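Please keep the structure open while you read.

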Amino acid sequence: MSAMKITGAFVLLALAVLCLANAAKENEVDCSEYKSLQRGKPIYCERLYQPFCGSDGKTYNNKCSFCKAILRSRGALHLKQAGAC
């Protein structure tokens, strides 16, 4: 009986870790398409308003402007939430 309890506890712990890993991935933005900024080429963003809230407390107009800020910060900036701050 105690082996079942240990197994059950292990399964619950594994599920909790998986849930936390998925939550962390949801707060990431894929900026791979904007990497050319590092090569010295300017990135021009559309004037589309789909806001992103950065970990710096600033609202960025869209994914492009948010990714440019991430690249300028050399990865220090992170997504706080989708939408305005």
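Cys 53 stands opposite Thr 59 in β2. In this predicted model, local features need pLDDT of at least 70 and side-chain atom pairs count only at pLDDT 80 or more, while totals for chains, interfaces and linings use all residues. Residues are numbered from 1 along each chain as its sequence is written, and side-chain values use heavy atoms, with hydrogens and water left out.

**The sheet**

Strands β1 and β2 pair in the antiparallel sense over two bridges; two strands pair if DSSP finds at least two bridges between them. Three strands form an open sheet in the order β2-β1-β3, with antiparallel pairing. The edges are taken by β2 (59-60) and β3 (79-82), each having a single partner strand, so one side of each is left without a neighbour in the sheet.

Along the sequence, the protein chain follows the pattern α-β-β-α-β, with two helices and three strands. These elements are DSSP runs numbered from the N terminus, helices being H or I with at least four residues and strands E with at least two.

**Helix α2 and its cover**

How many of the 10 residues of α2 are buried? Eight of them are, so α2 is largely enclosed by the rest of the structure. Here buried means under 20% relative accessible area, exposed over 50%, and partly exposed in between (1.4 Å probe, protein chains only). The buried residues of α2 are Cys 64, Ser 65, Phe 66, Cys 67, Lys 68, Ala 69, Ile 70 and Leu 71. What covers them includes β1, β2 and β3, where a contact means heavy atoms within 4.5 Å.

Just after α2, Arg 74 takes a positive phi of about 55 degrees.

**The aromatic cluster**

Rings of Phe, Tyr and Trp (its six-membered ring) pair if their centres lie within 6.5 Å; planes under 30 degrees apart count as stacked, over 60 as edge-to-face and the rest as tilted. By this rule the count comes to two aromatic pairs.

| Pair | Centre to centre | Angle between planes | Class |
|---|---|---|---|
| Phe 52 and Phe 66 | 5.6 Å | 10 degrees | stacked |
| Tyr 60 and Phe 66 | 5.5 Å | 65 degrees | edge-to-face |

The ring pairs link Phe 52, Tyr 60 and Phe 66 into a cluster. Phe 52 in strand β1 and Phe 66 in helix α2 are 14 residues apart, and their pair links distant parts of the chain. Phe 52 is buried at a relative accessible area of 15%, and Phe 66 is buried at 0%.

**The salt bridge**

The structure holds one salt bridge, meaning a side-chain nitrogen of Lys or Arg within 4 Å of a carboxyl oxygen of Asp or Glu. Its partners are the side chains of Lys 63 and Glu 33, at 3.2 Å from N to O. This pair also links distant parts of the chain: Lys 63 lies in helix α2 (residues 63-72) and Glu 33 in the loop between α1 (2-26) and β1 (52-54), 30 residues apart. Lys 63 counts as partly exposed at 26% relative accessibility, whereas Glu 33 is exposed at 54%.

**The chain as a whole**

Buried residues make up 24% of the 85 residues in the protein chain. Among contacts between residues at least 6 apart in sequence, 51% join residues at least 24 apart.
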